[in-house]
Amino acid sequence: MRLRQLGPLLLLLALPGAAEQSFNVSVWPEDSVVEHGGSIWLNCSHTCRDPGARGGLETSLTKAKNKSGPRWMAQELVGIREWLSAPQCYFNCYGNVTCAVAHITTYRPPERVVLEPLPEMELGQAYNLTCRVLNVAPVKHLTVTLRQGGRTLHTETFQNRTGTGPDNVTVTHEIIPQRRDHGQEFACHAALDLRPHGQLLQNSSPAVELRVFGAAEQSFNVSVWPEDSVVEHGGSIWLNCSHTCRDPGARGGLETSLTKAKNKSGPRWMAQELVGIREWLSAPQCYFNCYGNVTCAVAHITTYRPPERVVLEPLPEMELGQAYNLTCRVLNVAPVKHLTVTLRQGGRTLHTETFQNRTGTGPDNVTVTHEIIPQRRDHGQEFACHAALDLRPHGQLLQNSSPAVELRVFDLPEEPQLQTSLYIEVGTRAPARCAVARVFPAVGEARFTLSFGGESLEITVTTSGDTATALGEVWSPSPGQHQLSCTVTVGPVSRSAGRSVLVYSFPQPVLEIDQPQALVNRNVSVTCSAPASQPPGTTLQLRDSEQTLVSGRQPHLQLTLTTRKGDNGRQFTCEGNLTLGSRSLVKNTSAQLIVLYQPTLDESGCPSHQTWLEGTPQQLACEADGNPTPEVSCSKDSQVHGPGAVQNVTRGHAGVYRCSAANAHGTAGRNVTIHVEYKPTMDESSCPSTQVWLEGTLHTLACEADGIPVPRVPCTKEGAADEFGGERNVSRNDSGTYHCTATNRLGSMKRRVTVRVEYRPIVLLLAVSPSDTVPRGANFNVSCRAEGSPAPAYRWTVPPAPNVHTSADNSTVSVAGADRHNRGVYVCRVSNAHGQHLGQVRIQVTDHRLIIAALIAGAAVLLLGGTAGLIYYLKSTACKKGEYNVQDAESSAKATCLGRDGAVYGIQLTQT
């Protein structure tokens, strides 16, 4: 976006009110000159305190490198070919955009200065000298000078030229050649003066010799040097006069009104010192007589007085946006036509004034005035006046400046905001606040005057951001309308605000109860009244906490009532209401009615049943209603317990307590039952850790717990999900470890119980090895295997013989070298605490071989059958491990009686 497109937007953003945070933006150099096609660095800076402030440089010129730092950025502009450009620095501070404009002038130096060739000239005829300066810019800064030798013939400036681009300049000057001009050199000098922002660029044409014809043979030239000179007032100078006469007797001198001092002379020359020169413009004349012909040459001496006193009048404190004059005075300076006065703001030129049209030669006082309209960015800037007496090329450039004067700009764009209550009570103080925003240059510059009713108030001034606030207090001892005024001054700017305040009188209403403490069922009068207010118009209300009882205007209201218990502590309020405009003022006075009555004890204050938790701190809750407050005591078993006493609860606290309440007007009594609850407990007596049962009998898992509320005690066998519930016919499968948990709402307790189910013994196996028919002399064993709980004891009944032996656990009988004594029935009898069981086998001992053979054959058959049976038996019973129900088998039809007394059975075993 081009600068001309961005300009209106930036202007709108920079208007007052765009943001509260004002700040300055500056650009350096503000005014600069750059050769056409050259480059320059511009530095943009700001005073914003926002660390996030962002900005840039808006221009149509070509940008190259850039740099940045805290509160500044720099941009290089290259290839500058616009003859006049105005890049714009801008920054955004808290939403407020401020900008600064740089002015860049592009120049082209006077590289081609051409003095047109001079023709041969006739003495006394008029001719034109013509000088051309080609392709130079800006022309308004150009000065062209035509010179003859060291003397200036003509000077021309172009300050009125408005064009900015390059141009060709032509300067013409008419001359009438004299004899003395013959052989003189003429030249054209061009000076492009870009100071103070640039250089002084100079160039001259080649010199051209003038040839003059028509002079007599005895003509000669007289010259004086310096032809043009400047001398400080009261100073001195040497003038050198010379001639071209060939007459060795030529004589001459210097004709002048000035004071002569020393002199010197030589062939064709003489020199004279002039001192104490006080004439402001003088023209001493050199003359020589050559063969009777007198020729002269004139010197021009200008006397000057430097600008020693340059005074910039003091700057007043200025209001933002108002017009003011800057006035500079340069005193006693001469010659004024060579003076240039420049008013500067910082490094920027505000105004330049020259005096080329002044004709006076003596000293004079010069006054330069320039109007300014100060802006916020001008605050704190330094202004100075610069005077330059330019006596070149014949003298010096004499310069002087006034001391810098700082400009202070002030602004109060907003009116003060005055705040206080519109209504203030007589004798009371109310805060008054006067605030003004967007104070410039700083809130600390603001000065406040706050008055009430014509009296100045003591104030405290605080600042926040760009807002200053004055705080004071207003009050008045008398009612009526009073004026509150606030004046804020910053520099020359003042703003005022005022408001009217009504001071009113509104006395406190009065509430009276004729019997503040009354017995129940007595008549009591309540009166509400208020003194007169100013302005008048107070209305009254008499109310309690629930409703308005009576209302009306001054002077008073009255209410009569009969006291009840519920009126004890009843709050009465006398309310006065005064309306001032749209505001309603309210004042209250309150009083409490006390009703006296005898004590009562009820369920709400003294519950008849209370539950405590063992081990916790508790107090007996029993409160009585009565006025005065009754004294309450409770007792149990002739021991008094104070209701407010805290005690650590034990089970002994359970029971019935008798509570009594008493005051000056009577007594009351009530029974209170305390229930003490505690968490479950179990021990060996209530839940034995080991329990022994007999298989086939009815049992329940007996575990009880102590606790209130009564605990529930479920028991679960390890590895099982179901509880052991109720009474059941137990079997050996019920043996194991059980976990019993007692629970009520206060907690739980666990106990581990081991259950062992015992059962009667039974013979599982009675076996003979190698067989029950034994050859004489052979060895055999009879083994008995049984089970039972507790483990059964073994006892044998065998044929008596010395070669019979039993094993250590008595379960096996061994016979070595069997004979006839070992024939018979072998009985294995097993027993424990719950009963006994037996098994028997018959052993045959054989002698004859035939019999042996037959027996062998028979035995083989039997052995085969027995083996098969045994195998079947072992597979079906003996080789199966597990629990067997012997008792049920004895009573079944499958049991076979083996003994005469019916006590021995052969049993087909079945696994349970």
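The link of Cys48 and Cys93 is right-handed, with 75 degrees about the S-S bond. This disulfide (a pair of cysteine sulfur atoms within 2.5 Å) has an S to S distance of 2.0 Å, and it connects distant parts of the chain, 45 residues apart, with Cys48 in the loop between strand 3 (38–46) and strand 4 (54–58) and Cys93 in strand 8 (residues 88–93). Strands are DSSP runs of E of at least two residues, numbered from the N terminus. Cys48 is buried at a relative accessible area of 2%, and Cys93 is buried at 2%, where buried means under 20%, exposed over 50% and partly exposed in between (1.4 Å probe, protein chains only).

This is a predicted model, in which local features need pLDDT of at least 70 and side-chain atom pairs count only at pLDDT 80 or more, while totals for chains, interfaces and linings use all residues. Residues are numbered from 1 along each chain as its sequence is written, and side-chain values use heavy atoms, with hydrogens and water left out.

A search of the whole structure finds 13 disulfides. Among them is the pair Cys131 and Cys188, with sulfur atoms 1.9 Å apart; the torsion about its S-S bond is about -85 degrees, so this disulfide is left-handed.

Another joins Cys434 to Cys486, linking strand 43 (residues 430–436) with strand 48 (residues 480–490) across 52 residues. Cys434 is buried, with a relative accessible area of 0%, and Cys486 is buried, also with 0%. Cys99, by contrast, is in no disulfide, the nearest cysteine sulfur, that of Cys89, being 9.3 Å away.

Methods: Helix = DSSP H or I, 4+ residues; strand = E, 2+ residues; numbered from the N terminus.
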